Number of protein chains: 2
Amino acid sequence: MSTIQPIKWDSKNKTLTLLDQTKLPLEETYREYTDPVEVAAAIRDLVVRGAPAIGCAAAFGTALAAIQYTGNDPNELATRVHESRGTLTSSRPTAVNLFWALERMGKLMDSLEAQKIQDCKKVQDALEKEALDIFTQDLASCRAMGDFGADLVPENARILTHCNAGALATAGYGTALGVIRSAHRDGKVSMVWVDETRPVLQGARLTAWEMVQEGIPATLITDNMAGAIMAAGKVDFVVVGSDRIAANGDIANKIGTYSVAVLARRHNIPFIVAAPVSTVDFNIFSGEDIPIEERDPAEVAGYGSERWAPEGINIYNPAFDITPAELVTAIVTEKGVLTPPYPQAIADLSG
Amino acid sequence: MSTIQPIKWDSKNKTLTLLDQTKLPLEETYREYTDPVEVAAAIRDLVVRGAPAIGCAAAFGTALAAIQYTGNDPNELATRVHESRGTLTSSRPTAVNLFWALERMGKLMDSLEAQKIQDCKKVQDALEKEALDIFTQDLASCRAMGDFGADLVPENARILTHCNAGALATAGYGTALGVIRSAHRDGKVSMVWVDETRPVLQGARLTAWEMVQEGIPATLITDNMAGAIMAAGKVDFVVVGSDRIAANGDIANKIGTYSVAVLARRHNIPFIVAAPVSTVDFNIFSGEDIPIEERDPAEVAGYGSERWAPEGINIYNPAFDITPAELVTAIVTEKGVLTPPYPQAIADLSG
C-alpha cells in the first residue's frame with residue numbers, strides 16, 4: 001500500500017495541497033492552493049503531473065473557483081466556475097484526463113444551473129463533492145488496474161518502466177506503478193528497471209523515489225540503456241502509463257515511450273499500457289490527431305542550475321510521443337484488460 | 001575544414017596539450033602533459049575521449065615516457081616505455097584503437113631494441129615520430145572517411161548522430177562528423193539531429209558545440225526523442241562512430257547506439273558506421289566478446305553539481321552497447337565503404 005499523497009484535500013479549510021514534484025526527490029515540499037489560477041500554474045509548471053493527477057487537481061481547482069466566491073449570486077458563481085475551467089483547460093494540451101475532469105465538473109455545474117439552485121453554499125458543496133469523487137474513483141481505479149495488471153506479470157519478473165505513472169501521477173497507488181505495486185505484493189517482482197526519462201527526469205526523480213520508499217528492488221538507467229538490457233535478456237515485461245489513448249488504441253505517453261515499445265517488440269517482450277478509462281479519447285480516431293505539447297527548450301539545454309548545451313544550438317522538446325496500437329500487447333484499465341483488436345475493445349468500453 | 005584541435009603536440013617543448021572535453025562547451029580549457037601517468041588519467045577521466053583520439057593520446061603518452069627519461073641506458077629507457085604502455089592500456093577497456101596504438105608503439109620499441117640502438121635521443125625521436133605519424137594518419141583517415149561517407153548521403157539530408165564522433169573524438173575532422181562535414185561541404189545537409197547522449201552528454205556538449213562552431217544547421221534532442229522524429233519522417237540518414245568493430249561486423253559504440261539502430265531499421269533509414277581500420281578488432285569474432293566498460297554510477301545519478309537520483313536507488317552504467325552487424329547498412333573506413341556480408345569485407349581489410 002502506498003502512503004505517497006501527491007494531492008490532498010482539506011475539507012475543513014477548503015484547501016488543496018500538492019506535493020511539489022519539481023523538488024523531488026531532494027526536497028519533500030507541500031504547497032497549498034485556494035485559487036484556481038494558481039492550480040493551473042501548478043499544472044503547467046509540473047508541481048503536479050501525470051495524466052490522472054492533473055485531472056484530479058483540475059477538478060479541485062474548479063471547486064476552488066466556486067468556494068472562492070463569497071457573494072450570493074448563483075449566476076455569478078457559475079460564471080466564475082466556467083471561467084476557471086477555461087483557465088485550467090489551457091494549462092497542458094496532451095493529457096485528456098484534464099479535459100475529462102473539467103467536462104465532468106462543467107456538466108455538474110450545468111445541471112446545478114438547470115436546477116436553478118439559489119443557495120451558493122449548496123453549489124459549492126456539490127462541486128467539492130464531485131472533485132472528491134473524481135479523486136476517490138481514481139484511487140479505486142488504480143487499485144483495480146494494479147490487480148488486473150499484476151495477473152499479466154510473470155513470476156520473478158524484471159519489469160521496465162518509463163517516466164512516472166506512479167502514486168505521484170495519480171490520486172495514489174499509480175497506473176503502471178500500480179501494476180508493479182500489486183505484482184510486488186504478489187511476490188512476482190525481482191527487479192524494476194527505471195528509465196530516467198529525460199528531459200524532466202520523472203523516472204530518476206519520481207519513480208526511483210517511489211521504489212525506494214516502498215522497498216521495491218529497482219535499478220535506475222538512462223533512457224538509452226533500455227535497448228542494451230533488453231538485448232542482454234534482462235527485461236521480461238514493460239509497463240507504462242498513458243496521457244491519451246485514441247479510439248484505435250494508439251497511445252500518447254511521455255517522450256521515449258515509442259522507442260521502448262519498438263525495442264520491446266524486437267525482443268518479444270510484452271508491452272503493457274495501464275491507464276484509467278478517463279484516458280481514452282473516444283473522439284480521436286488515431287494517434288496522429290493527438291496534440292503533442294512542446295515545452296521550453298531550456299528543459300533540454302540542461303537541468304536545474306546546470307546548463308550544458310552550447311549557445312546557438314537549436315533545440316526540439318516534444319513532451320510526448322505516439323506508440324501505435326500494433327506495438328501494444330494489452331491495455332489495462334479499471335474495467336479489465338483490453339487486447340487487440342483495440343478499436344472494438346475500446347468501443348465496447350464506451351457502451 | 002575543422003579548426004578544432006583536441007590534441008596538440010609541441011615538438012619543441014615535447015609537450016602534449018589536450019582540450020579538456022569535460023569542461024566543454026562552457027569552458028575551452030587546454031591542459032599540458034609531459035607524464036604518461038597523467039595522460040592515462042586524462043583518458044580515464046574523459047579529458048580526451050573518442051576511440052581514435054584516445055589512440056593518439058596514448059601514442060603521445062608512450063613517447064613522453066621515453067622523452068621523460070634523462071639517463072643514457074637504452075635498456076632502462078625501453079623498460080620505461082613498456083611500463084607506460086601498461087599504465088595506458090588499463091585506462092579504458094572498450095575502444096580498441098587504444099590497444100592498437102600502444103601495440104604499434106610497442107612494436108617500434110621492440111624493433112629499436114632489436115637494432116641495439118645505444119643513443120637514447122635517437123630512440124626518443126623515433127617514438128615521437130611514430131606518435132606524430134599515428135596522429136597525422138588519423139587526420140588523413142578522417143578526411144578520407146568523410147569523403148567516402150558523403151557519397152552515401154542523399155541531397156537535403158536530415159542526418160541523426162549519437163554521441164560525439166567528431167573532430168574532438170579524433171586527431172581532427174571526425175569520423176561520423178567527418179562524414180557530416182564533407183556532406184555539408186558538398187551542400188547536402190539540411191539538418192543534423194544531435195542526440196544528447198546521456199549520461200556524459202557528449203552529444204549535447206561536444207557535437208552540438210562542433211556544429212555551432214562550423215555553422216552546420218543542427219538541432220539538439222534528448223536520446224529518447226530519436227524514435228519520435230524518425231516516426232515523423234524527419235530523419236533520412238544515421239551516422240555514428242565506433243569504439244570497436246568485431247570481425248563479423250558487430251559494432252561497439254556509445255550506449256544508446258543500439259536503440260538508434262533498431263529504430264532506424266524500423267523506419268528503413270540507412271544506419272552508417274564511420275570508423276578507421278584501427279577500430280577493427282580482427283581477433284574478436286562477434287560483439288558478444290567485446291568488453292563493455294561500466295562507469296561510476298554518479299554519472300547517472302546527476303550531472304555536474306546537480307544530483308537528482310534519490311539516495312538508496314541502484315544504478316547501472318554501461319558506457320557502450322553492441323549493435324549487431326545485421327542492423328548496419330554500411331561501414332565507412334579510410335580504405336572505402338564496407339557492405340554486407342561483413343565477415344568477408346572485414347577479412348579483406350586485413351589482407
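**View 1. Asp10(B) and Thr15(B) are bridge partners, the latter in β2(B).** This is a predicted model, in which local features need pLDDT of at least 70 and side-chain atom pairs count only at pLDDT 80 or more, while totals for chains, interfaces and linings use all residues; side-chain values use heavy atoms, without hydrogens and water. Residues are numbered from 1 along each chain as its sequence is written, with chains lettered from A and ligands numbered from 1 in the order in which they are written. Strand β1(B) pairs with strand β2 (residues 15-19) of chain B in the antiparallel sense over 4 bridges. Strands (E, at least two residues) and helices (H or I, at least four residues) are DSSP runs, numbered from the N terminus, and two strands pair if DSSP finds at least two bridges between them.

**View 2. The open sheet of chain B has 3 strands in the order β1-β2-β3, with antiparallel pairing.** Because β1 (7-10) and β3 (30-33) of chain B stand at the edges with a single partner strand each, one side of each is left without a neighbour in the sheet. On average, neighbouring strands of this sheet are turned by 25° against each other, direction ignored.

**View 3. Helix α2 (residues 51-68) of chain A lies across β1, β2 and β3 of chain A.** The helix runs at about 25° to β1(A); axes are lines fitted to C-alpha atoms, for helices over the stretch in contact (heavy atoms within 4.5 Å), and angles run from 0 to 180 degrees between N-to-C directions. Within the sheet, β1(A) is joined to strand β2 (residues 15-19) of chain A by 4 bridges in the antiparallel sense. Lys8(A) has Thr17(A) in β2(A) as its bridge partner.

**View 4. A salt bridge joins the side chains of Glu196(A) and Arg198(B) at 2.7 Å, N to O.** A salt bridge is a side-chain nitrogen of Lys or Arg within 4 Å of a carboxyl oxygen of Asp or Glu. The rule finds 4 salt bridges across the interface of chain A and chain B. In this interface, 57 residues of chain A are in contact with 57 residues of chain B.

**View 5. Strand β14(A) runs parallel to strand β6 (residues 218-221) of chain B.** The two strands are joined by 2 bridges. Asn314(A) stands opposite Thr219(B) in β6(B).
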